[in-house]
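Here is a short briefing on one structure. Please read the points below alongside the sequence and the 3D view.

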Amino acid sequence: RINRVVESAQRFNKQVVTVRDVILPFCLLMVANLIILICWTVVAPLEYVRRDDLGTDPWNRVISSYGTCMTREGQRSVPFVSALVAVNLGALLFANIQAYKARSIQSEFSESKYIALVVAGMMQVSLVGLPVLLLTVDNPPVYYLLRILLVFVITLAIIGLIFVPKMLHKPKE
């Protein structure tokens, strides 16, 4: 939005950013995610499965087990996960490009510096965290902890870098 406003101001044109301009990309991204998730649920639904941990006691009994959601034998979830990753990383990449284009706009008119930091942080956490997450899929406690930490770090970055500067720049009453 800010890029469109600044570009039109440089051409001395009036630019109005409507609610539709903001809601449309959000709705398209939401619909794309919903379509992929609904197709995944219909074609290859996840089922809760109990798995035995490694190791047995002296009488050859399984010591412990864990539960996880998996697709049935013969059904593949890789195309759906790949589609979700492609759609959402594509949106993240597009946001990075827009934040890069808006880097020279004064920060009193835009939050592009903070948005760029958030988007770059999300990209960095995704590029480092997702491969580590894939490596720990067979260790449920570590996998669960990593998933929680990824959500926490991304959420904290968004909240911290978007809202805290607004609170600091708020005029004193």
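Contact means heavy atoms within 4.5 Å. This is a predicted model: local features need pLDDT of at least 70, side-chain atom pairs count only at pLDDT 80 or more, and totals for chains, interfaces and linings use all residues. Residues are numbered from 1 along each chain as its sequence is written, and side-chain values use heavy atoms, with hydrogens and water left out.

**Core**
- Five residues make up the largest nonpolar core: Ile36, Trp40, Ala44, Phe80 and Leu84.
- Such a core is a set of buried Ala, Val, Leu, Ile, Met, Phe, Trp, Tyr and Cys residues joined through side-chain atoms within 4.5 Å.
- Buried means under 20% relative accessible area, exposed over 50%, partly exposed in between (1.4 Å probe, protein chains only).
- Helices α2 and α3 (78–101) each give two or more residues to this core.
- Trp40 touches Pro45, Leu46, Thr71, Ser77, Phe80, Val81 and Leu84, not counting residues up to four places away in sequence.

**Helix α4**
- Ser126 lies in helix α4 (residues 112–135); helices are DSSP runs of H or I, at least four residues, and strands are runs of E, at least two, numbered from the N terminus.
- Ser126 is buried, at 14% relative accessible area.
- Leu89, Leu92 and Pro131 are in contact with Ser126, not counting residues up to four places away in sequence.

**Loop**
- Asn60 sits in the loop between β1 (46–52) and β2 (65–71).
- Asn60 is not a glycine, yet has a positive phi of about 65°.
- Most residues other than glycine have a negative phi.
- Asn60 counts as exposed, with 61% relative accessibility.
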